[in-house]
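Hello,

Here is the structure for you to look at. Please keep it open while you read the notes below.

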Amino acid sequence: MSLFKKGKPLDRASINFAKVLQEHHCDLRQCLNVQELIPLLRKQELLTAEELEEILGKQTRLQKVDQLVQILPQKGSSAYVKFVGCLESESEHPAHKELALKIKETLRRQQRARHQSSKCIDVSVNK
């Protein structure tokens, strides 16, 4: 089952963000304090009133995390930076800062892998 909403097609950055969120889904479910994070996400204009209602309408903390994870990739390429910024600098929850580091490292690893992959393609095309 996919964690991400069907809807408008995602750009490459949003797809990568979705993959990172999927990879860290267990960590997000374990440590994300949605109630604390919501005001920060609203301040960054990452959530509309309707999306906020969708999240808060969920019964459990885990359902709220899942709903947030479904919404974020749909927010465009700037959502990653804003989300991680909320986790690392404005949140007072220590686990959020650790989660931000993990997410940033995963994205760096993905970017290195794509860069290495493109080098391999360039070398094989030039032969």
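A contact, or touch, here means heavy atoms within 4.5 Å. Keep that cut-off in mind for what follows.

First, the ground rules. This is a predicted model, where local features need pLDDT of at least 70, side-chain atom pairs count only at pLDDT 80 or more, and totals for chains, interfaces and linings use all residues. Residues are numbered from 1 along each chain as its sequence is written, and side-chain values use heavy atoms, with hydrogens and water left out.

Now the overall layout. The protein has 7 helices and 0 strands. These are DSSP runs, numbered from the N terminus: helices are H or I with at least four residues, strands are E with at least two. The order from the N terminus is α-α-α-α-α-α-α. Of the contacts with a separation of 6 or more, 68% join residues 24 or more positions apart.

Next, burial. Buried means under 20% relative accessible area, exposed means over 50%, and partly exposed lies in between (1.4 Å probe, protein chains only). By that rule, 39% of the 127 residues are buried.

Start with α1. This helix has 12 residues and reaches 16 Å from its first C-alpha to its last, close to the 16 Å expected at 1.5 Å a residue. The expected span is 1.5 Å times one less than the number of residues. Its buried residues are Ser14, Asn16, Phe17, Ala18, Val20 and Leu21.

Why does Asn16 count as buried? Its relative accessibility is 10%, so Asn16 counts as buried. Asn16 sits in α1. It touches Leu107, Gln110 and Arg114, leaving out residues up to four places away in sequence.

Then the core. A nonpolar core is a set of buried Ala, Val, Leu, Ile, Met, Phe, Trp, Tyr and Cys residues joined through side-chain atoms within 4.5 Å. The largest one has 29 residues, and Leu32, Leu37, Leu68 and Phe83 have the most contacts inside it. Two or more residues come from each of α1 (12-23), α3 (34-43), α4 (49-56), α5 (61-71), α6 (78-90) and α7 (94-126). The largest share, 6 residues, comes from α6.

Look closely at Phe83. Beyond residues up to four places away in sequence, Phe83 touches Phe17, Leu21, Leu28, Leu37, Leu41, Leu46, Leu68, Leu72 and Ile103.

Last, find Leu40 in α3. Leu40 counts as buried because its relative accessibility is 13%. The C-alpha atoms of Leu40 and Phe83 are separated by 8.8 Å, with the two residues 43 apart along the chain.

Best wishes
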